[in-house]
Amino acid sequence: MVLDNLQSLSFFYPELILICAILLVVLSDITFKSLRNVLNPLLTLASLLLAIFFSIQIDHAPAGSLFQGMLALDSFAAFFKLFLLLAAILVVLGSLHSEELLQVHQGEFLALLLAVTLGMILMANSINLAMLYLSLELVSLTSYIMVGYLKGDRLSNEASLKYILFGAISTGSMLYGFSLIYGMTGSLSLYTIRDIFLNQGVQGFDQFTILLVLILTLAGFGFKTAAVPFHFWCPDVYAGAPTPVTAFLSVAPKTAGFAILMRFFFSSMTHPSGDQWGLVSGINWPLVLIGISVLTMTLGNIAALTQNNLKRMLAYSSIAHAGYILMGSVVLTGTGLKSTLIYMFVYLFMNLGAFLVVAIIYNSDRTFELDGYNGMFKRAPFLAFSMGVFMLSLTGIPPFAGFLGKLYIFAAVIDKGLFWFAVVGTLNAAVAAFYYMRVIKAMVLEDGSGNTAPVPISFLNQALLVALLIPNILLVVFWNPIDRWTASSVNLFSGL
Amino acid sequence: MITLQHYLLVSAALFSLGILGVLTRKNAVNVLMGIELILNSANLNLVAFSRFSSKGIDGQMFAIFVIVVAAAEVAVALAIVLTMYRMLKTVNLDQADVLKQ
């Protein structure tokens, strides 16, 4: 089903709402000077909730493409729409009581966050190279500004400088790759590209050019997902950015990056056959991605071992998690795709939770160092307990949600017969346990440095902590709805 | 007679020079110029492919969007570089090293 511009509008409500909300937040920020600190967050949250409502409403529409083949309308897109809107809501709530952001004016921050969310949704849906590049740049440009949001803060400024330089080079290389794809096929639509690859066979093209295009394109996607060897910006940017922004970057643009990576490779370089996808002959991109995945996991986990700054440690841990998510997308089966969606879903709750605890402790102690966490269990038992749950969940220890994600991923990989790959993943999880346990050890076993004042937690942050703890604890027991939801979300629109 | 190959050679040269500039320059503004070279090499490719194929003007349309995005990107980058200059009184990238460990 190909819809023209006017017909598409009725399936475009969530995005339209976000566009209006961006303008409204900017307007209310300059109009209502006394009310804006209350009005802006309310406006942002209301628009995000409204967008979620409309995303659910159009969830059951038949698969097709919007705006004459620019955006996909399918269950895969619907999943990411809901996922990214949910992530945005959680980050808005978490940013309201952040001391780092309170020093500066917050109005534009919410507008930028809405703009990034809009960009990510478009990114996860785009099936045209031009649309893909534009939405990716919308996400990138706004996140550069968000990282450098603390004007006058040297760390924040340096982080944004490094982010924009790495980002511009990666997306530039990706664009060069796109231009070569356009040259080979004469089309920007992913499905036409696939058909041309299928009909003419890849033998018609130079193998070297195909490999070059793969590497160039992966530079862009690898940058967004922070996969090795495109990860160098990640620790510095995560350490320098305001904590709510770091939390956001580690979850939302990363998953949007995976969405577009899967969308790009599955749509343009595979053809669907039943529950599986067949490779377009001669382009063995899963092999390249397997290599990247192994490298990403191993390097991320090993580098995280020696970090004493919690934000840097979580940055390397998020690199490692990118490796796990990649595992599921290279097996080319419905189960594999489903496992990545489940992993991302649980990763949202555990990682945002960990960053929320880091932000709360920074609010009271002004430290990101691991030493500052010594004796935290005595000062703030609930906070330490939550951090413990998030850390165990990130490790993948059974009673918590992270285990569910790893279980699905490893099952999908073993199902495909890649046993050694699953073994590498498991070994990595064992290495990761070491640095996650270090945090728990510091909080429970070490003695604090004399500071015994309890850590103040605002009511909002407490409620948010509980809201993030619940899925971490209960998802393993009530995995059935998630299983069904993700199983119905792997139907990628496969062209006309 | 100028053929497609000539355009591709020029764009490949531009791309390589851009990467080289980005990797070797210490001055933030020079690095940004390298990034512009990379983006424009892709533009040249797109327009040339579009001109020499008979499949419509998608490539030229894409190139126009890329020009706009490049302008926005440089605006953001220059703002960040300016903030750096206000704090450090220099735009030398070697001075941006507080986050290293």
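Tutor: In this predicted model, helices are DSSP runs of H or I that span at least four residues, and they are numbered from the N terminus.

Student: What pattern does chain B follow along the sequence?

Tutor: Chain B reads α-α-α, with 3 helices and 0 strands.

Student: What makes chain B more spread out than a compact globule?

Tutor: The globule rule gives 13 Å for 101 residues, whereas the radius of gyration of chain B is 17 Å, well over that value, so chain B is more spread out than a compact globule. Its C-alpha atoms fill a box of roughly 50 × 25 × 25 Å along the principal axes.

Student: Which residues of chain B touch chain A, and how many are there?

Tutor: Counting pairs whose C-beta atoms lie within 7 Å, 31 residues of chain B are in contact with 33 residues of chain A. H1, H2 and H3 of chain B each supply at least two residues of that side, and H3(B) gives the most, with 15 residues. The residues on this side of chain B divide into 23 nonpolar, 5 polar and 3 charged.

Student: Why is H7(A) called roughly parallel to H3(B)?

Tutor: The axes of H7(A), residues 129-147, and H3(B) come within 11 Å and cross at roughly 10°. Angles under 35 degrees count as roughly parallel, and therefore H7(A) is roughly parallel to H3(B).

Student: Which residues meet where H7(A) contacts H3(B)?

Tutor: Among them are Leu134(A), Leu141(A) and Tyr144(A) in H7(A), and Phe62(B), Phe65(B) and Val69(B) in H3(B). The residues of this contact divide into 11 nonpolar, no polar and 2 charged.

Terms used:
Residues are numbered from 1 along each chain as its sequence is written. Chains are lettered from A and ligands numbered from 1 in the order in which they are written. This is a predicted model: local features need pLDDT of at least 70, side-chain atom pairs count only at pLDDT 80 or more; totals for chains, interfaces and linings use all residues. Two residues are in contact if their C-beta atoms, placed from the backbone, lie within 7 Å. Ala, Val, Leu, Ile, Met, Phe, Trp, Tyr, Cys and Pro count as nonpolar, Asp, Glu, Lys and Arg as charged, and the others, Gly among them, as polar. Axes are lines fitted to C-alpha atoms, for helices over the stretch in contact, and angles run from 0 to 180 degrees between N-to-C directions. Angles under 35 degrees count as roughly parallel, over 145 as roughly antiparallel, 65 to 115 as roughly perpendicular and the rest as oblique. The radius of gyration is taken over C-alpha atoms; the globule rule is 2.2 Å times the number of residues to the power 0.38.
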